[in-house]
Amino acid sequence: MSAIDTQAIYPGRSEAVRKQLRVRLSTLFLLIIIAIGLESCYLALYPWLAGRTPLDPLRQSWEALLPMRSIVYSRLDWFSYLSTFNWPAPFYGHLYPLLLLLGLALFFLWLAVRTGNRAGRLIVVRAGIYLRPIFWTILILSMLMGVTMVLAPIHLDEMARSMLQSGLYGRTVATYHLNPYLSHATVLAHDPIQVLINRLPPSEGVTVGTVGPVWMDISILIAFFAHANSGAIVLSWRVLALLAHLFNIILIWSLLSVQKPLYRISGTLLYAWNPLVLLFGVAFVHPEILLVSVMLLAFLSFQRDATLLGWVFALLAALISLYTMILLPLLFIFALRQGWVQGCGWFLLWIIGMLAITALMLVLAYIPYWQGWGITGILLSMRGVFWQDGTINSLNAAVMGMPVHLPGNWLNYVQPRNWSLAALAIMSLYLFITLWIVDSFEIVLQCSGWLFFLWILLQPTYWPWYMLLPFIIAISASNRREVLAATLLMIGALISYYFWQWSHVWEGQGLAIIGIPCLLWGWALFFRSTWQMLRGGSNNQRSPQEDSRPQKLKRPPWFSRSWTSRPNRQLR
């Protein structure tokens with residue numbers, strides 16, 4: 001990153017300091033006002049989080065922990081005021097105020113990001129000191145919003161399945177001393193948590209094969225604390241998710257302080273106050289919130305040249321959620337290139353050390369669940385993740401649910417298994433190409449984000465919380481095109497949550513939550529490129545004095561460069 005000429009921004013240092021103090025004060029004031037607006041939006045979401053069934057068993061168990069909460073929820077239920085209006089028949093039942101609330105929350109988030117972006121560009125002299133109050137303000141206000149989601153009501157629906165299912169995994173080990181990878185719902189039919197899960201319709205949600213052994217270990221700790229109380233299970237998961245959320249804010253700030261210092265405020269705000277993160281990371285806890293923490297630790301270690309430690313965290317992420325394994329080849333090749341710089345002997349020790357660490361972590365993670373499961377069970381779990389049988393909320397589901405049916409031979413090609421194989425082929429091709437170009441940490445971040453985007457777009461099964469990890473990686477990379485794609489898909493994920501509040505879930509929502517954001521992203525790039533070309537053509541008509549200035553050297557194509565011509569090798 002090029003040095004920042006502070007003298008060009010501010011004529012004198014004393015004036016720069018006074019200017020920065022004014023900017024910091026105005027930024028703090030604006031962030032507090034915006035946080036109040038966001039907090040109001042999140043409190044207004046309580047009626048949807050509580051559901052419309054007063055005798056919901058999960059809601060009753062949740063309210064029994066603190067009886068005063070039921071009174072607070074009834075005070076915040078503003079549906080009765082809306083029922084006094086006569087809504088048009090086509091709008092009633094679909095265009096709930098939920099969509100307006102989510103849009104308003106996104107608007108406040110945009111204001112916060114713009115405010116942080118302005119402060120990051122103006123506070124450049126001793127930024128580490130002058131930005132410290134802004135960081136603590138963001139952290140404290142994020143804690144307030146997180147506590148709002150921890151105390152939010154909950155009812156039995158598809159979004160709460162992950163917390164209940166994970167709590168059942170822990171009870172399977174802690175109470176019944178069974179292997180959760182082998183047990184079935186019929187074995188635990190009498191368990192109170194299993195009874196709640198059985199009331200939900202069958203779905204392609206969290207299954208036992210999609211979570212890794214590390215998440216199982218955490219579920220056991222939750223089960224020891226909560227026992228069979230579903231409300232206590234929800235509270236335990238939410239408190240753990242809130243701690244992970246606050247930890248992620250610190251990690252993103254640290255990562256962006258080195259990677260993109262000018263965008264550390266806006267990037268941190270884009271994560272910390274995001275309704276997608278607070279809804280599906282804290283209110284409805286999923287493994288992705290802890291997965292984000294571990295992946296941020298891995299990227300932070302790679303950024304600080306602690307390559308072996310970064311590899312350990314990457315393996316830990318794969319042991320939390322198995323689909324993260326698609327990133328391991330990319331990080332492995334990058335780690336080998338880091339070791340190659342130190343010489344042939346160190347390179348050999350590097351490989352042996354990484355393989356030994358990998359084998360040790362796999363043995364320690366899987367040995368408690370090995371009996372009766374073994375290699376066959378691990379392979380079947382991986383097959384269930386990468387070769388899926390069901391389809392929901394995705395482009396594959398939209399294609400199969402089209403009113404105009406495809407011909408018989410074409411319909412066979414879009415079956416979930418064949419669709420999964422095509423998706424794996426595309427991701428493998430992209431991964432093969434990226435393995436040749438990952439020679440810097442910036443490229444690793446960008447390629448990791450696009451790889452997870454491909455995973456989300458192409459898989460037969462899609463859920464809104466799948467967007468958490470690629471969204472955070474896009475924020476960390478701070479690439480405009482990647483951030484734009486992540487933002488549009490994030491909006492699509494929130495719209496998917498809106499669709500799931502309907503009485504009948506729309507099967508073709510994949511076109512709206514995935515297809516339209518991708519189309520808008522492509523058109524945005526097209527118009528931006530066209531505008532840049534038009535401006536470039538007008539800027540080409542320069543005076544002779546401007547044309548005589550030395551032009552910036554262009555970087556040669558990658559394939560024309562030798563192995564030792566890369567900047568990393570010259571610096572080392």
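Here is our talk about the labels, one at a time.

Modeller: Bear in mind that this is a predicted model, where local features need pLDDT of at least 70, side-chain atom pairs count only at pLDDT 80 or more, and totals for chains, interfaces and linings use all residues. Residues are numbered from 1 along each chain as its sequence is written, and side-chain values use heavy atoms, with hydrogens and water left out.

Colleague: Fine. Why is Leu30 called partly exposed?

Modeller: Buried means under 20% relative accessible area, exposed means over 50%, and partly exposed is in between (1.4 Å probe, protein chains only). Leu30 has 36% relative accessibility, so it counts as partly exposed. Leu30 sits in helix H2, residues 13–44; helices are DSSP runs of H or I with at least four residues, numbered from the N terminus.

Colleague: And what makes Cys447 buried?

Modeller: Its relative accessibility is 7%, so Cys447 counts as buried. Cys41 is buried too, at 3%. The structure holds zero disulfides, a disulfide being a pair of cysteine sulfur atoms within 2.5 Å.

Colleague: How do you know that the length of H16 agrees with what a helix should span?

Modeller: The expected span is 1.5 Å times one less than the number of residues. For the 17 residues of H16 (residues 287–303) that gives 24 Å, and the end C-alpha atoms are 24 Å apart, so the two agree.

Colleague: What makes H16 largely enclosed?

Modeller: 16 of its 17 residues are buried, so H16 is largely enclosed by the rest of the structure. After H16 comes Asp305, with a positive phi near 65°.

Colleague: On to the rings. How many aromatic pairs are there?

Modeller: Rings of Phe, Tyr and Trp (its six-membered ring) pair if their centres lie within 6.5 Å; planes under 30 degrees apart count as stacked, over 60 as edge-to-face and the rest as tilted. That rule gives 31 aromatic pairs. One of them is Phe280 with Tyr497, at 5.6 Å centre to centre and 85° between the planes, which is edge-to-face.

Colleague: Why say that this pair ties parts together?

Modeller: Phe280 lies in helix H15 (residues 275–283) and Tyr497 in helix H26 (residues 480–499), so the pair links parts 217 residues apart in sequence. Phe280 is buried at 0% relative accessibility, and Tyr497 is buried at 2%.

Colleague: Why is the pair of Trp523 and Phe526 edge-to-face?

Modeller: Their ring centres are 5.7 Å apart and their planes are at 85°, so the pair is edge-to-face.

Technical notes. Helices (H or I, at least four residues) and strands (E, at least two) are DSSP runs, numbered from the N terminus.
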